[in-house]
Amino acid sequence: MAPDFFSFPPLPEEIRRVIEDGSSFLVIGHVSPDGDCLSSQITMGALLENLGKQVALVNAGPFERSEITHLAGLFQTSITREMKERNPIVVVVDCSSIERIGSLAEEIEGLTTIIFDHHASGEFFGDYRYITPRSISTTFIIMHLYKEFDVEITPEIADHLFFGFATDSGFFRFIGSYRGDVLRYAAELVDLGVSPNEMADRISGGKNLDYIKYVGKLIDRSEVLLDGRLIIATSYIRDSRTFDTTDRPSDMLYSMLLAIKGVEVVLYLKELEPQLTEIGFRSSHVSPVDVGELAKRLGGGGHKRAAGATVNESVESIRNPLILLVKELLR
Ligand SMILES: [Mn+2]
C-alpha cells in the first residue's frame, strides 16, 4: 500500500478572521470529559489568551475520571448571563454533536460557534468547523493551531497537549504506519520537558482496588457471541453499591477484551437508568466494522474504531438489536 501521509488541511480564512476579530471567548467541551477534552479546552483557552482575548472555560462535567479530577477547578459548569452579555464567540472542542455538550447547548444558542474536532461521525453543528478525523486527538489539532498562530508552546502547555495525545491514542498504541507526524509532534513536546514515563503513570495509575475488582467483574460477566467475534460487557446501576470507584472501567476493559484472539467488536453496555443505556463501541484494527457508523445509527457518534451512543432503552431491550446490527456488519 502506498504511504498515506497526513497533513493538516488549511485553516479556513473565515475561522482565522473570527478568532482574530473576537475579543471574548468561551471554550466548551463535552459532558463527562476525558483527558483530551479538558486538555483541549485548557490549551485552546491559553492560545486565545496569548492572542489577547478574554477567555472562560466551561464544561458541564461531571469530572469523574481520576486522571482529570484535579483539573475540575479550572472550569465553570454553566454560562452565566453576564458571560453571555459579552456576546462571546464559542469555541467547542472534541465534541461531535451538540447533545454532547449537555446543558450548555441551550445556553450558547444565538452565539457564533466554531468547532475544532477529530470525530469522524456525528452531526454537523456550529457556524464554522475545522474537523480532521485523522488527528489522533483534539490537542493534536490545537498544537497545529499554536504553530498556525505562531504562539509559543510553554512546558505547561506541552504537558496538557501530550496528555490529550496519550489519552486518545491508547498511549500511541492506536497509531498506524506512516504517522511519523504524530511522533514528531510528540517528540517536540518531550523536548519541552514532558515525561512519557510520568504521564503513563498519571493516566493508568492512581486507581483503587475496587476499580480493578470492578473491571474483573465486568470481564467475568461478559458474553462471547457470533463465533467469538463479538463480546458484550454489561454494567448495572447496582454495581456502584458494590464497587467504590468513580473511574470508568471502560478503557482497561476494552483493551483486555480486544486482546482475545478472534474478537473484532466489543460492546460495553452501561445501565444509567432502568430505561437509559450508554453504549461504548470498540473494534479491532483488523475488523471491517466501522463502529462510528454503528453508533451514528443509534444517535451517537465517534470514530471507526471507537464510538459511543446513549439510548432510551433498557440494557436487556437494546442487547438483541445490537447483536443483529453487528452480525450484519460482520458478514
Ligand atoms: Mn478526543
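Which residues have the most contacts inside the largest nonpolar core? Keep that in mind as you click around this predicted model.

**Stop 1: the two domains.** Colour 13–202 as domain 1 and 209–330 as domain 2. Their centres, taken over C-alpha atoms, sit 26 Å apart. Now select the residues where they meet: 12 from domain 1 are in contact with 13 from domain 2. On the domain 1 side of that contact you'll find seven polar, three nonpolar and two charged residues.

**Stop 2: the largest core.** Next, pick out Val91 and Phe162, the residues with the most contacts inside the largest nonpolar core, which has 49 residues. Zoom in on Val91 and display Phe25, Val27, Met44, Ile114 and Phe116: Val91 touches each of them, leaving aside residues up to four places away in sequence.

**Stop 3: the second core.** Select Ile232, Phe281, Ala307 and Val315, which are among the 29 residues of a second, separate core.

**Stop 4: Ser317.** Finish by showing helix H13, residues 315–330, and finding Ser317 in it. Is Ser317 buried or exposed? Ser317 counts as exposed because it has 12 C-beta neighbours inside 10 Å, and 12 or fewer is the cut-off for that label.

Key:
Residues numbered from 1 in each chain as written. Predicted model: local features only at pLDDT ≥ 70, side-chain atom pairs only at ≥ 80, totals over all residues. Domains from an automatic or database assignment. Contact = placed C-beta atoms within 7 Å. Nonpolar A, V, L, I, M, F, W, Y, C, P; charged D, E, K, R; others polar. Helix = DSSP H or I, 4+ residues; strand = E, 2+ residues; numbered from the N terminus. Buried ≥ 20, exposed ≤ 12 C-beta atoms within 10 Å, placed from the backbone. Core = buried A, V, L, I, M, F, W, Y, C linked by C-beta atoms within 7 Å.
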